[in-house]
Amino acid sequence: MVAESKQRGFVFTGWHMLLVMVLFFGTIISVNVFMAWNAVRTWSGLVVPNTYVASQQFNGKVEEAKRLAASGIEGDIVINDGRIVYHVVDAGGQPVVADDVSVTFKRPVDEREDFTLSLVPAGAGQFVAERDVPAGQWVIDIATRHQGAMVFHQTLRTVVAGGGQ
């Protein structure tokens, strides 16, 4: 007589299926929550009130930007200790003649902290304003005009460090 030995193998039960489902959907939900949190926290896209109108104006803005860039005019802004100094020169390094310089500070995502300043001339292509700028990322839109005509337009993206002055 031969002795039979029964060996019991692994049996997949309902509890195993429940564990597989919880792990599978838990992973998917966890990843989605993490990605959504990360997208909201770090997104730095530009918000426009009406995308259709913005798309219709795009080509005109590109042509104007190319024309202004070809002029050779360059501007440099310094934000330090509550003072904003903008220096603008032509292609030859000579100060640009302007009677109106407006600077708009915009947050990349949220418009609650946006503000616009008119800079006053401080001689030799320099324009200044006194204003504390909160720390963080800013898109700075600078329009330089002379007798109502746009002389130079510049958009910069910068980070104002600690304390924001």
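# Rings around Trp138

Visitor: Which residue lies over the face of Trp138?

Guide: Arg107 does, at 3.9 Å from the ring centre. Bear in mind that this is a predicted model.

Visitor: Is Trp138 itself buried or exposed?

Guide: Trp138 is buried, because its relative accessible area is 0%, and the cut-off for that is under 20%.

Visitor: OK, switching to ring pairs. How many aromatic pairs are there?

Guide: Five in the structure. One of them is Phe105 with Phe115, which is stacked, with 4.8 Å centre to centre and 15° between the planes.

Visitor: What does that pair tie together?

Guide: Parts that are 10 residues apart in sequence, since Phe105 sits in strand β3 (residues 100-106) and Phe115 in strand β4 (residues 115-121).

Visitor: And are those two buried or exposed?

Guide: Phe105 is buried, at 0% relative accessibility. Phe115 is buried too, with a relative accessible area of 8%.

Visitor: Back to Trp138, then. Which Phe does it form an edge-to-face pair with?

Guide: With Phe105: the centres are 5.9 Å apart and the angle between the planes is 85°. That pair links distant parts of the chain, as Phe105 is in strand β3 and Trp138 in strand β6 (residues 136-146), 33 residues apart.

Visitor: Which residues end up in the cluster linked by ring pairs?

Guide: Phe105, Phe115 and Trp138.

Visitor: Last one: what lies over the face of Phe115?

Guide: Arg131, at 3.7 Å from the ring centre.

Notes: Residues are numbered from 1 along each chain as its sequence is written. This is a predicted model: local features need pLDDT of at least 70, side-chain atom pairs count only at pLDDT 80 or more; totals for chains, interfaces and linings use all residues. Side-chain values use heavy atoms; hydrogens and water are left out. Rings of Phe, Tyr and Trp (its six-membered ring) pair if their centres lie within 6.5 Å; planes under 30 degrees apart count as stacked, over 60 as edge-to-face and the rest as tilted. Helices (H or I, at least four residues) and strands (E, at least two) are DSSP runs, numbered from the N terminus. Buried means under 20% relative accessible area, exposed over 50%, partly exposed in between (1.4 Å probe, protein chains only). A charge sits over a ring if NZ of Lys or CZ of Arg is within 6 Å of the ring centre and within 35 degrees of the ring normal.
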